[in-house]
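Subject: Structure handover

Hello,

Here is the structure for you to look through. My notes on what was found in it follow below.

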Amino acid sequence: RSGKQRTPISDFGLYGAIRLAPDGLRMATPMVRKNGGTPLWVWELRGGTRAPLTSGKDTSPDSPVWSADSRTIYFFQFDKSNDGEIWQVPVDGSRPEQKLFPSANDTLPTDVTSDGKWLLYEEAPKGTIGQPPAQLKAYPLASGLEGFTALPAVDWFTNARLRPGANDWLAYQSSESGRAEVYLTRFPHPGSKFQVSQAGGRQAVWSKDGKSLYYLDNLQRMTVVPVQTSRDSVQLGAAKTLFPSGIRHTISTGGYDVTRDGRFLLVTSAMDSTAPVVLVTNWQAGLKK
């Protein structure tokens with residue numbers, strides 16, 4: 001929370017959205033390989049080992065979401081027909097990746113309930129990724145359940161996250177005010193909504209005890225707001241800026257995650273170049289020639 005950087009867990013590279021497993025021992029992220037391709041990788045945080053889960057040859061997986069038991073990863077991926085849909089792959093690599101369900105629309109996973117019964121996902125017409133409106137829906141992962149619409153009109157990349165454990169409150173971002181802000185509402189039956197951020201906010205993530213919400217402000221600074229909830233109301237504490245993040249703006253579905261002990265795992269940008277800086281004076285004279 002102080003912003004002190006710890007030892008990097010990876011080499012320099014081009015990474016996408018990251019997500020910690022519920023067991024806190026692993027993370028998933030797409031990473032571009034030097035020899036080509038962008039597979040989805042799983043990293044062991046303690047030992048530092050990593051292994052690709054998907055081939056990544058002709059596709060670009062992103063936005064990984066773990067199952068409640070940490071055995072399966074759901075992710076977004078374009079297929080050969082350029083349709084963006086939700087895929088799944090077992091973490092042990094026992095089966096290749098496959099589509100979770102067919103859809104006439106583009107779909108993008110956002111979260112899984114703690115009991116493993118529901119997958120939250122966004123859905124919008126084909127070819128409209130990144131353009132509102134979309135719908136936030138719940139897909140049943142257990143038999144005997146029927147899917148439903150949680151929020152009928154939201155942005156793409158709403159980054160909807162359920163409060164850990166209870167799954168009774170949903171944090172998400174919306175640009176209905178003209179800019180992206182973080183909101184809270186009940187789940188699975190939304191009622192009143194409560195605005196958490198006041199000057200822009202994206203990528204809300206709950207603390208593991210469900211008592212705080214973190215988000216990135218308009219300057220990509222990590223911000224925290226204490227949250228207290230009753231049955232149908234929310235009491236929000238004062239927002240506090242923690243540290244500048246350096247997360248790329250192009251990572252729209254999860255440039256960071258929060259560990260059980262309150263540390264932050266971030267994809268932080270780094271620019272390293274040996275090219276000299278050249279200052280040219282009186283350049284207008286050169287134009288006259």
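Strand β5 and strand β6 (residues 72-78) run antiparallel and are joined by 3 bridges. Two strands pair if DSSP finds at least two bridges between them. Asp62 has Phe76 in β6 as its bridge partner.

Before going on, a word on the source. This is a predicted model, numbered from 1 along each chain as its sequence is written. Local features need pLDDT of at least 70, side-chain atom pairs count only at pLDDT 80 or more, totals for chains, interfaces and linings use all residues, and side-chain values use heavy atoms, with hydrogens and water left out.

β5 and β6 belong to an open sheet of 4 strands, in the order β5-β6-β7-β8, with antiparallel pairing. The edges are β5 (62-66) and β8 (98-99); each has a single partner strand, so one side of each has no neighbour in the sheet. As background, strands of a sheet pair through backbone hydrogen bonds, either parallel or antiparallel.

**Two buried residues to look at**

Start with Glu85, in strand β7 (residues 84-90). Is Glu85 buried or exposed? Glu85 is buried, at a relative accessible area of 3%. Buried means under 20% relative accessible area, exposed means over 50%, and partly exposed lies in between (1.4 Å probe, protein chains only). The side chain of Glu85 reaches the backbone nitrogen of Ser103 at 3.2 Å. Leaving aside neighbours within four places in sequence, Glu85 has contacts (heavy atoms within 4.5 Å) that include Phe75, Phe76, Lys99, Phe101, Thr107 and Lys126.

Next is Leu100, in the loop between β8 and β9. Leu100 is buried too, with a relative accessible area of 14%. Which residues does Leu100 touch, leaving aside its neighbours within four places in sequence? Leu100 is in contact with Tyr74, Ile86, Trp87, Gln88, Leu119 and Tyr139. Leu100 and Phe75 are 25 residues apart in sequence, and their C-alpha atoms are 9.4 Å apart in space.

**Strands β9 to β12**

There is another open sheet of 4 strands, ordered β9-β10-β11-β12 and paired antiparallel. β9 and β12 (148-154) stand at its edges with a single partner strand each, so one side of each is left without a neighbour in the sheet. On average, neighbouring strands of this sheet are turned by 25° against each other, direction ignored. Axes for such angles are lines fitted to C-alpha atoms, for helices over the stretch in contact; angles run from 0 to 180 degrees between N-to-C directions.

Strand β10 (residues 118-124) is mostly covered, with 7 of its 7 residues buried. Both faces are covered: Trp118, Leu120, Glu122 and Ala124 lie on one side, and Leu119, Tyr121 and Glu123 on the other.

β10 pairs with strand β9 (residues 106-112) in the antiparallel sense, over 6 bridges. Tyr121 in β10 is the bridge partner of Pro109. Leu119 in β10 stands opposite Val112. β9 and β10 form a hairpin with 5 residues between them, and Gly116 in the turn has a positive phi of about 75°.

β10 also pairs antiparallel with strand β11 (residues 134-140), over 6 bridges. There, Leu119 stands opposite Tyr139 in β11.

**Backbone exceptions**

Most residues other than glycine have a negative phi, and most peptide bonds are trans. These spots depart from that.

- Ser70 is not a glycine, yet has a positive phi of about 65°. Ser70 lies in the loop between β5 and β6 and is buried, at 4% relative accessible area.
- Gln220 has a positive phi near 65°. Gln220 is in the loop between β18 (212-216) and β19 (221-229) and is buried, at 8% relative accessible area.
- The peptide bond from Phe187 to Pro188 is cis, with omega near 10°. Pro188 sits in the loop between β15 (181-186) and β16 (194-195).

**The whole protein**

What does the secondary structure come to? The protein has 1 helix and 23 strands. Of its 289 residues, 47% count as buried. The C-alpha trace spans about 75 × 45 × 40 Å along its principal axes.

Best wishes

Key: Polar contact = N/O pair within 3.5 Å; in protein donor to acceptor, adjacent residues only side chain to side chain.
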